[in-house]
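This briefing goes through one protein chain, topic by topic. Please keep the sequence and the 3D view open while reading.

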Amino acid sequence: MRFDAAIFDMDGLLLESESLWRVAEQDAATRLGLPLTNADFDQTMGMRMHDVAQHWYDTLGWEDGPAPDVVADEIIDRVIELVANREPLPGVLASLDIAAHAGLRIALCSSSDDRLIEAALGALGIGDRFELTHSAQHNEYGKPHPEPYLSTAAKLGVDPRACLVFEDSMAGCVSAKAAGMSVVAVPDPAVAGSGRFGFADVVLGSLTEFDQRLLSDLADGTPLPNMSRPRFHLAFPVDNLADARSFYGEILGCAEGRSAETWADFNLWGHQIVAHVGPEAQRPATNAVDGKQVPASHFGVLLHLGAWRSLVDRLKATNVPFVIDPYVRFEGEPGEQHTFFVTDPAGNALEFKAFADDRIVFAA
């Protein structure tokens, strides 16, 4: 195991508190007469509240009102009231169990003040899961500066490079990466597709996608699909495979991967496209692959295994029928991949894949 410690952020990761911060901040902004919008609040997500209040004062100012530190304390007091009886977000308890089972030391690094950390962990009933907690209030600089995470690693007595960080905010991810740590980003669903999270080691839809396999891949340094900007998969029919090889391989310069008599993979600038051959007048609706009739024309996305499994569960839960049931191709061989096929209501075919190793997507 390359990691010695797992460090968790708190707000937006362990509990859904961003909406609580939004309520408290909006109330304060209204009292002060500040014309702040949701976009303004989003820009300061993950930062220390005292820094946020000072930022408001420096950029907008207010007359005959409390000092920025007083405003910050009032907002924190309000959030403490609101976190009572909250529950951990899905996947939190399992992720803590996985980290503990792997022998990792578990800590918390938050932009929130100590008193809010204590209140939140108490409300969630998970305070005893953490060896220590650290508030960025004790640092000269808060997130996105690396100091909060470097301080947490120093308290643990571990090398920052041996720390795996779980974060939901951009400021927090930047802070952890700048500290030299590996980062699991779990963005708010509203910004989950943003390419800005592309520097994280892996991006999850929720902590329910974190499992022992993913931890092992991260520890081994196995490249994982970047879910903030995933690679698409597109298969399409062609008249002649030789002509397709000439156009995609020679003219466009796309490297060819695996192939058979009736199909060939190409690396289209990191995206996986597959040409399936069939005469124009008699072009088949399907092509034989692994003894299964695969729709010749289909598209999809390459996911990491946790996201792939979550999608399978979601489709099963909503009774979406599979055209080809989830299974493993090339098991134990180069190109090992989990895959399945479904169709949308209009009959368009989609394939979703998860490779055992993202480096072998185009392995021949």
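This is a predicted model: local features need pLDDT of at least 70, side-chain atom pairs count only at pLDDT 80 or more; totals for chains, interfaces and linings use all residues.

What volume does the largest cavity have? The largest cavity has a volume of about 260 Å³.

**Cavities**
- The count comes to three cavities of 30 Å³ or more.
- A total of 23 residues line the largest cavity, and Glu18, Trp21, Met45, Gly46 and Met47 are the ones nearest its centre.
- Helix α1 supplies the largest share of this lining, four residues.
- Both α1 and α3 (49–59) supply at least two residues of the lining of the largest cavity.

**Largest pocket**
- The largest pocket holds about 450 Å³ of space.
- Its lining consists of 19 residues, and those nearest the centre are Asp42, Gln43, Met45, Met170 and Arg196.
- Two or more lining residues come from each of α1 (18–32), α2 (38–43) and α8.
- Among the elements, α1 gives the most to the lining of the largest pocket, with three residues.
- Met45 is among the residues nearest the centre of the largest pocket, and Met45 is also among those nearest the centre of the largest cavity.

**The chain as a whole**
- The secondary structure comes to 11 helices and 16 strands.
- Along the principal axes, the C-alpha atoms fill a box of roughly 80 × 45 × 40 Å.
- The chain has 364 residues, and 49% of them are buried.
- Among contacts with a separation of 6 or more, 62% are between residues 24 or more positions apart.
- The chain has an accessible surface of about 16,400 Å², and carbon and sulfur atoms account for 51% of this surface.

**Helix α8**
- Helix α8 covers residues 170–178, and its buried residues are Met170, Ala171, Gly172, Cys173, Ser175 and Ala176.
- These buried residues pack against α7 (147–156), β4 (163–167) and β5 (182–185).
- Met170, one of the buried residues of α8, is also one of the residues nearest the centre of the largest pocket.
- After α8 comes Gly180, which has a positive phi, near 85°.

**A nonpolar surface patch**
- Four residues, Phe247, Ile251, Leu252 and Trp269, form a nonpolar patch on the surface.
- Together they have about 460 Å² of accessible area.
- Phe247 belongs to helix α10, which covers residues 241–251.

Note on methods
Residues are numbered from 1 along each chain as its sequence is written. Side-chain values use heavy atoms; hydrogens and water are left out. Patches are made of residues with over 30% relative accessible area and no salt bridge: like charges are joined within 9 Å, nonpolar side chains (Val, Leu, Ile, Met, Phe, Trp, Tyr) within 5 Å. Accessible areas come from the Shrake-Rupley method with a 1.4 Å probe; for residues, only the protein chains shown count as cover. A salt bridge is a side-chain nitrogen of Lys or Arg within 4 Å of a carboxyl oxygen of Asp or Glu. Buried means under 20% relative accessible area, exposed over 50%, partly exposed in between (1.4 Å probe, protein chains only). Contact means heavy atoms within 4.5 Å. On a 1 Å grid over the protein atoms alone, a cavity is a set of points where a 1.4 Å probe fits but cannot get out, and a pocket is an open set with protein on both sides within 12 Å along at least five of seven lines; lining residues have an atom within 4 Å of a point. Grid points are joined across faces, edges and corners, and a volume is the space filled by probe spheres set on the points.
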